[in-house]
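Subject: Structure handover and findings

Hello,

Here is the structure I promised you. Please open it alongside this note; my findings follow below.

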Amino acid sequence: MPDKVFIALQNIADAQPIIAAILGDNPAAVAHETPGMVKIDCPTRLVVRRASIEERIGRAFDLQEIHVNLISLGGNIDEDDDEFVLSWRV
Amino acid sequence: MAQGKKLGLKERYALLTRGLDWETTYQPMDKVFPYDKYEGIRIKDWDAWADPFRLTMDAYWKYQAEKERKLYAILDAFQQNNGQLNISDGRYLNAVKLWLQGITPLEYAAHRGFAHVGRGFRGAGARIACQMQSIDELRHAQTQLHAFSHYNKYFNGFHGFAHMRDRAWYLSIPKSFFEDALSAGPFEFVTSISFAFEYVLTNLLFMPFVSGAAYNGDMATTTFGFSAQSDESRHMTLGLEVVKFTLEQHEDNVPIVQAWLDKWFWRGYRLLGLVGTMMDYMLPKKVMSWKEAWEIYWEENGVALFHDLGRYGIRLPKHHEVTVKEKHRLTHEMWPTLYQYGNALSLHTWVPDDAELDWLSEKYGELFDRMYRPRLLFLRELEQRGERYYNNRLPMVCQVCQIPIFYTEPDDPTTQCVRIVEAADTKHHCCSDGCADIFRREPEKYVQALIPPQQVYRGEAGGARDIFEYAKWLHLEPGADTSEYRGSPDHRNWEAWQAAHKSTAADAA
Amino acid sequence: MAVKHLGERYEFLSENRAERYGGDINFYIRWQRHLLYACPSAYRCPPDMKLRDFLEQMYRPDHGAHPDTAKLDFAACEWWHDQQPWHPDLEQSLAANGVAHMSYIEFRSPGLDGMHGMGN
């Protein structure tokens, strides 16, 4: 079974478009809700796309805004203006 | 002026953060940076440092300010609306006391440590990341103090955290952990704190405490916790980047880093036993068991990380298999330990009620029912007879992790695990092969440790001759700050406030 | 293996060395299969204290909460010192019995095997 990367976000209204975008762009991702938090696990690689968030949030979105709602993550990071990627190199 | 093409994040970041340092000519670089070579770590090219988050200072201030605004607004609302009445139960506050006493001073120590290494690395990228982290850690200490100060108005046990930091036996556990790191070189410091603690193990600290706070109605701690956690994500990635960078720079670094990972995985794991015990025994509403948390955050997530590092020749840390054996019993051994030494704790302890015992049975199964449930029921029996159990004799304490030696042999839960280690013509004692290995690797460090029961016996604890005089030296009021929860002022106050709260609501209805 | 350090020397005496206890010794004692007592206990005593006096005047009163303690007969116990089998003479002093600073004593009480069949 491949190792999982994960990202955890606050489970509040502001973060719902981000969560929805992640689940939409990563078909193998699974969301686990605990009080106040959503932890999203995904085998090997997970991508957060600015465009997918903007579709849902209804305004321009700077990917670095994720810092406001981010709780934790696991995986190597690669970040540019359009995508934030978590991955394990296997 | 013609409109140019907008620079991408990577290019922008490189232009704003690179080429701003210089090779010194008035003094040799080795004199300007005297600390970053003595550990034996070899760096061929500092320019290969890749910032994990491409966060420039303007973005940093902007997002930190936004988090601060939100945090303090929530803390204000919490205070104005008597948020302390909405927690699940008065016992919950003891988890917060443990945090204030055990964690908040570490945030401050981290602030100091990162300020130090933020000057010590000759690579500018590493220095900036450490300096930002130093500010983050100070912010964590401050925001925790603000969040918890409200509780200090209503509950005992909060007032003495600063005085106790250098005196209380159980606080030497986190204190010695951090001082071991602070007294190491910059590469070991960042490997131990940013990587081992903040990447591998942080989820086991913050997730349980903060989810626990959310589940138990503690909005102040929840909000502080999640606000800090995004800082932690940056810290985690700094830790991972330092380890990857170090391993990629020179093959000589691999065994040095491996030895640090072995040491700090184990030290961090021992420290987290307090958090596990908090999860299983102090939270009136449970989020998950320590066993479950260890399975998710170490056995799945942590091991995945080490698999990724396998490409450099890094293997899983020594004694990791012991942590898996211990997950079934660690908290059930630690809680009765805290319970019996309760006269010298600045938080209350108690025997779980039947619903909680049933939850523990469900989570832990057969060994819990054969070994620990009867032990806890015996404690309840003593309490009901008016002979609430205290052990007022000082314990043997591990020379490395400084935890009283209650841990049992990995393959035998009926026998405490004691390892005798000799150095400087004196016998010392460790709780495990993990700690004994750490001692033997650097005995000159650990023979210097200030072990609280031994300080008492040498007359160094304000001359205290027994546990009661010791508690007084800690500025603790017996029964109010210490000892049994049931019947304490915290308990009586909680019942009275809940009754008043309900009758007010009933009147209004 | 030595600590990596700046400067010429990194050598220290132990904080816990014998000279710092005013002529007394600190030693540890554990009653096997009595996990109600979570940890081995630490005691500071003069080395010329008779072992039986230590056990009856200090150890037994400290351990009154356990149902086995009232029936505990030290003369009938099996003993270990620093994890090796040991045959103390209860009528002799700690020092005469070889109990020194930072010694670790264990004993087991046949027939008194703790509670619940699990050594509690």
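This is a predicted model: local features need pLDDT of at least 70, side-chain atom pairs count only at pLDDT 80 or more; totals for chains, interfaces and linings use all residues.

A residue counts as buried if 20 or more other C-beta atoms lie within 10 Å of its own.

**Two non-glycine residues with positive phi**

Gln402(B) deserves a look for its backbone as well. Its phi is positive, about 65°, although Gln402(B) is not a glycine. Gln402(B) sits in the loop between α16 and β1 (408-409) of chain B.

Ala424(B) is not a glycine either, and has a positive phi of about 50°. You will find Ala424(B) in the loop between β3 and β4 of chain B. Is Ala424(B) buried, exposed or partly exposed? Ala424(B) has 17 C-beta neighbours inside 10 Å, so it counts as partly exposed.

**How the chains touch**

Two pairs of chains touch, and the pair with the most contacts is B and C. Chains A and C make no contact with each other. Their closest C-alpha atoms are 31 Å apart.

Start with B and C. Here 47 residues of chain B are in contact with 39 residues of chain C. On the chain B side, the elements giving two or more residues are α14 (330-340), α16 (366-384), β2 (412-416), β3 (419-423), β4 (426-430), α18 (443-446) and α19 (452-457). Which of them gives the largest share? That is α16(B), with six residues. By class, this side of chain B has 23 nonpolar, 13 polar and 11 charged residues.

Now A and B. This contact takes 22 residues from chain A and 30 residues from chain B. On the chain A side, β1 (4-10), β5 (70-74) and β6 (76-79) each supply at least two residues. β5(A) gives the most, with five residues. The chain A side divides into nine nonpolar, seven polar and six charged residues.

**Helix α16 of chain B**

Back to α16(B), which supplies that share of the side touching chain C. Its 19 residues should span 27 Å at 1.5 Å a residue. The end C-alpha atoms are 26 Å apart, which agrees. There is still a kink of about 35° at Tyr372(B), shortly before the proline Pro374(B).

The buried residues of α16(B) are Phe368(B), Met371(B), Tyr372(B), Arg375(B), Leu376(B), Phe378(B) and Leu379(B). Just after the helix, Gly386(B) takes a positive phi of about 80°.

**Helix α9 of chain B**

How far does α9(B) (residues 186-215) span between its end C-alpha atoms? The span is only 38 Å, whereas a straight helix of 30 residues would span 44 Å at 1.5 Å a residue. α9(B) bends by about 70° at Leu201(B). The helix is mostly covered, with 30 of its 30 residues buried. Gly217(B) follows α9(B), and its phi is positive, near 80°.

**Helices α5 and α8 of chain B**

Two packed helices are described by the angle between their axes and the distance between the axes. For α5 (residues 104-120) and α8 (residues 172-182) of chain B, the angle is about 5° and the axes are 10 Å apart. That makes α5(B) roughly parallel to α8(B). From α5(B), the contact uses Pro105(B), Leu106(B), Ala109(B) and Gly113(B). From α8(B) come Pro174(B), Lys175(B), Phe178(B), Ala181(B) and Leu182(B). By class, the contact has seven nonpolar, one polar and one charged residues.

**Phe161 of chain B**

One last residue. Phe161(B) is found in helix α7 (residues 161-164) of chain B. Phe161(B) has 21 other C-beta atoms within 10 Å, so Phe161(B) is buried. Which residues does Phe161(B) contact, leaving aside neighbours within four places in sequence? They are Leu100(B), Gln101(B) and Thr104(B). Phe161(B) and Gln101(B) are 60 residues apart along the chain, yet their C-alpha atoms are separated by 5.0 Å.

Best wishes

Technical notes: Residues are numbered from 1 along each chain as its sequence is written. Chains are lettered from A and ligands numbered from 1 in the order in which they are written. Axes are lines fitted to C-alpha atoms, for helices over the stretch in contact, and angles run from 0 to 180 degrees between N-to-C directions. Helices (H or I, at least four residues) and strands (E, at least two) are DSSP runs, numbered from the N terminus. Angles under 35 degrees count as roughly parallel, over 145 as roughly antiparallel, 65 to 115 as roughly perpendicular and the rest as oblique. Two residues are in contact if their C-beta atoms, placed from the backbone, lie within 7 Å. Ala, Val, Leu, Ile, Met, Phe, Trp, Tyr, Cys and Pro count as nonpolar, Asp, Glu, Lys and Arg as charged, and the others, Gly among them, as polar. The expected span of a helix is 1.5 Å times one less than its number of residues. The bend at a residue is the angle between axes fitted to the seven residues ending there and the seven starting there. A residue is buried if 20 or more other C-beta atoms lie within 10 Å of its own, exposed if 12 or fewer, and partly exposed in between; C-beta atoms are placed from the backbone.
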